[in-house]
Protein chains: 2
Amino acid sequence: MIAEEKTYPKDTLLVKENMPANKLILLLEGDVDLIYSGGGEGAVVNALVGSIAPGEMLGVSSIIEPYVYISSARSTTPVKVVEIDSPAIRALMQVDKLMGYALMRNVAAAVLERLKYTQVELAAARA
Amino acid sequence: MIAEEKTYPKDTLLVKENMPANKLILLLEGDVDLIYSGGGEGAVVNALVGSIAPGEMLGVSSIIEPYVYISSARSTTPVKVVEIDSPAIRALMQVDKLMGYALMRNVAAAVLERLKYTQVELAAARA
């Protein structure tokens, strides 16, 4: 099954930073925080770097090479989601490149929108 | 001409936040800061939200709808760049969708990489 509806309780780790990105998730109900651990050189622990509202996607890095999650996502309420099998989607995109192009345009727009939001937050944090 | 090599002195505003995005720029030499004005509700003025090193692109929002620059870019040294006419590239992508798909994958990867960097910076700024 390529897409499956699921529910999770509050405080579920839906995707994990630096892990292979195999799920694209559409949030239907509830709220999700994006968290960056600062693992590695930084000393930051679990800083909030964004949030996902109903109707938005998370795990877009599962559609973009190198297919590794760049942050973690944790539910801050009970959530209802659609989980999409990203390797299956990626295989479809390879076979039907017109579909691939159409989907990639949407994914790129979603990432750009999140970048814009993150830059605004960074500007505010540095003000 | 779709692509043109140009040089600019230090402190040139190469692209301007919120303006129609018509140029994709490949930085060949020099350094560029990405700046967010905080125009609108915020009181932030010209916060640094990223930087571009030689070999990197800026103005990727000229390839992604709605084709509006999300931040400004200012040279912090004299720079040598290749300026690419984005409306021409977008027209080519529409005609040759396989090329469009290939380019969009690269643009999406560049935006994701920048998002990752910006999240790390935001995490550090909030620590």
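A charge counts as sitting over a ring if NZ of Lys or CZ of Arg is within 6 Å of the ring centre and within 35 degrees of the ring normal. Keep that in mind for the opening stop. The model is predicted.

**Stop 1: Arg over Tyr**

Select A:Tyr101 and A:Arg105. A:Arg105 lies over the face of A:Tyr101, 5.3 Å from the ring centre. Now switch to chain B. There, B:Arg105 lies over the face of B:Tyr101, at 5.3 Å from the ring centre.

**Stop 2: two helices of chain A**

Select residues 86–95 of chain A for helix 1, then residues 97–126 for helix 2. Their axes are 5 Å apart, and the helices pack at an angle of about 125°. Helix 1 and helix 2 of chain A are therefore oblique to each other.

Show side chains at the contact. From helix 1 of chain A come A:Ile89, A:Leu92, A:Met93, A:Gln94 and A:Val95. Facing them from helix 2 of chain A are A:Lys97, A:Met99, A:Gly100, A:Leu103 and A:Met104. Colour this contact by residue class: seven are nonpolar, two polar and one charged.

**Stop 3: B:Gln119**

Move to helix 2 of chain B, residues 97–126, and pick B:Gln119. Is B:Gln119 buried or exposed? Its relative accessible area is 2%, under the 20% cut-off, so B:Gln119 is buried.

Which residues does B:Gln119 touch, leaving out those up to four places away in sequence? Select A:Leu34, A:Val49, A:Ile70, A:Ser71 and A:Thr118. These contacts of B:Gln119 are in chain A.

Technical notes. Residues are numbered from 1 along each chain as its sequence is written. Chains are lettered from A and ligands numbered from 1 in the order in which they are written. This is a predicted model: local features need pLDDT of at least 70, side-chain atom pairs count only at pLDDT 80 or more; totals for chains, interfaces and linings use all residues. Side-chain values use heavy atoms; hydrogens and water are left out. Axes are lines fitted to C-alpha atoms, for helices over the stretch in contact, and angles run from 0 to 180 degrees between N-to-C directions. Helices (H or I, at least four residues) and strands (E, at least two) are DSSP runs, numbered from the N terminus. Angles under 35 degrees count as roughly parallel, over 145 as roughly antiparallel, 65 to 115 as roughly perpendicular and the rest as oblique. Contact means heavy atoms within 4.5 Å. Ala, Val, Leu, Ile, Met, Phe, Trp, Tyr, Cys and Pro count as nonpolar, Asp, Glu, Lys and Arg as charged, and the others, Gly among them, as polar. Buried means under 20% relative accessible area, exposed over 50%, partly exposed in between (1.4 Å probe, protein chains only).
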